[in-house]
Amino acid sequence: MNSWVYTEKVKEHFTNPKNILEDEEKYEADGRGEVGNIACGDQMLVAIKVKDDRIAECKWKTYGCASAIASTSMMSEMVIGMHIKDAYKIKPDDIVIQLGGLPDHKIHCSVLGDRALRAAIEDYCKKNGKENMLEKEAAKVICVCNNITDQDIENFVKAGGRTFEELQEKTKIAKVCGGCLEKAKDLLEDYIHLFGKN
C-alpha cells in the first residue's frame, strides 16, 4: 500500500472532519453558498449563522476528494468567531498554510471552500441589506488587448457559457496578440469547475 502523501493535519481533517452540515433542510442558515460542478466531481455547500456580523457557525457538505473535505473542514474552524469582512477575504493559500500544505495538483480543491464561504457571506449580506460592507476584489485584466478581466470570464460562466469558442465569440479574448490564450483557457476551466452546473 502506498504511503499517505498528505500532512497529518490534512489526514486529521479528512478522517475526522469538523462542522459537517448534518441536516440541510432543518438547518436555519443566515447565509448559504453553493459552488462546484457535480459532473467534475466536486460540489460544495457552506451554510453560516451570523451574530453581530461575526460568523457564529460555519457548516458545510461536499461531494469531493480528501483535499476538498480536509480544506473545508479546516476553513470552517478558521472562520468561526471571525468578522464577516475578514472571513470574506480568506484565500486558498491561507487554508493550505493551516493544513501544512497540499500536493500542487490538489490545491484547486481548497478553492471550493473559500468560494462557497464567500457566496454564503454575500447571501447573508444581501438578505440583511449589508452588501456595501464587503470589499470586492478588483478585477484582474487577463486580455490586455481587449481589456477582458477575470470577472468577465466568471460572469460568462455564471450566465451559462461553457466553451472557449463561445467566450472568444462574445469577448474577442486572445484574438489580437494571443498572449493570454493559455491563461484564459485555464481560468475558464477553473470557473466551469466552480460555477458550471450541468
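Which residue's side chain meets that of E24 in a salt bridge at 2.9 Å, N to O? In this predicted model, the partner is R32. E24 is partly exposed, with a relative accessible area of 27%, and R32 is also classed as partly exposed, at 33% relative accessibility. E24 forms a salt bridge with K61 as well, where the closest N and O atoms lie 2.6 Å apart. This pair links distant parts of the chain, 37 residues apart: E24 sits in the loop between helix 1 and strand 1 (31–37), and K61 in strand 3 (residues 54–63). K61 counts as partly exposed, at 29% relative accessibility. Together, E24, R32 and K61 are linked in a network of salt bridges.

The structure holds 7 salt bridges. Another of them joins the side chains of K127 and D123 (3.1 Å, N to O). Both residues belong to helix 5 (residues 107–127) and are 4 residues apart, about one turn of the helix. K127 is exposed, with 51% relative accessibility.

A negative surface patch is made up of E182, D186, E189 and D190. Of these, D186 is located in helix 8 (residues 181–195) and is partly exposed, at 45% relative accessibility.

The chain contains 8 helices and 5 strands, in the order α-β-β-β-α-α-α-α-β-β-α-α-α from the N terminus. Of its 198 residues, 44% count as buried. The average pLDDT of the chain is 84, and 88% of the residues score at least 70. Confidence is highest in helix 3 (residues 84–87), at a mean of 94, and lowest in helix 1 (residues 8–15), at 78. Where pLDDT is low, the predicted coordinates should not be read in detail.

Terms used: Residues numbered from 1 in each chain as written. Predicted model: local features only at pLDDT ≥ 70, side-chain atom pairs only at ≥ 80, totals over all residues. Heavy atoms only, no water. Patch = residues over 30% accessible without salt bridge, like charges linked within 9 Å, V, L, I, M, F, W, Y side chains within 5 Å. Areas by Shrake-Rupley, 256 points an atom, 1.4 Å probe, with all protein chains shown as cover. Salt bridge = Lys/Arg side-chain N within 4 Å of Asp/Glu carboxyl O. Lys, Arg positive; Asp, Glu negative; His and termini not counted. Charge placed at Lys NZ, Arg CZ, Asp CG, Glu CD. Helix = DSSP H or I, 4+ residues; strand = E, 2+ residues; numbered from the N terminus. Buried < 20%, exposed > 50% of the residue type's maximum accessible area, 1.4 Å probe, protein only. pLDDT = per-residue confidence, 0-100.
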